[in-house]
Amino acid sequence: MALDPADFTKCCKNSGVLMVVKCRKENSALKECLTAYYDDPAFYEECKMEYLKEREEFRKTGIPTKKRLQKVPTSM
């Protein structure tokens, strides 16, 4: 069952509190999609290498990646 993750979001927005009951099909499709990534060894290695690179940079600079990537204002 291949559904777009946007289908799940749309269903939840349109269902309100009843989303738990009404969006089961979309939720199942989203879980299947995400599970496929967890089982992919190449994707796991890619994520691991990205994490290790960010951790190394943090240990060098002491600045988290998120703050390091924020733009500095050009006019003060």
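At 37% relative accessibility, Cys47 counts as partly exposed, a label for values between the cut-offs of under 20% relative accessible area for buried and over 50% for exposed (1.4 Å probe, protein chains only). The model is a predicted one, with local features needing pLDDT of at least 70 and side-chain atom pairs counting only at pLDDT 80 or more, while totals for chains, interfaces and linings use all residues. Residues are numbered from 1 along each chain as its sequence is written, and side-chain values use heavy atoms, with hydrogens and water left out.

Searching the whole structure turns up one disulfide, the term being used for a pair of cysteine sulfur atoms within 2.5 Å. The two partners are Cys11 and Cys23, with an S to S distance of 2.0 Å. The torsion about the S-S bond of Cys11 and Cys23 comes out at about -100 degrees, so this disulfide is left-handed. Cys11 sits in helix H1, whereas Cys23 sits in the loop between helix H2 (19-22) and helix H3 (24-38), so the link ties together parts that are twelve residues apart in sequence. Helices here are DSSP runs (H or I, at least four residues), numbered from the N terminus. Both Cys11 and Cys23 are buried. Cys12, on the other hand, is in no disulfide; its nearest cysteine sulfur belongs to Cys23 and is 4.4 Å away. Cys12 is buried too, with a relative accessible area of 15%.

Now for H1 itself. Its buried residues are Cys11, Cys12 and Ser15. These cover an arc of only 95 degrees around the axis, which puts them on the same side of H1; the arc is taken over the directions from the helix axis to the C-beta atoms. That buried set packs against H2 and H3.

Ser15 belongs to H1, which spans residues 5-15, and counts as buried at 12% relative accessibility. Once neighbours within four places in sequence are set aside, Ser15 is in contact (heavy atoms within 4.5 Å) with Lys22 and Cys23. Just after H1, Gly16 takes a positive phi of about 60 degrees.

Notes. Helix = DSSP H or I, 4+ residues; strand = E, 2+ residues; numbered from the N terminus.
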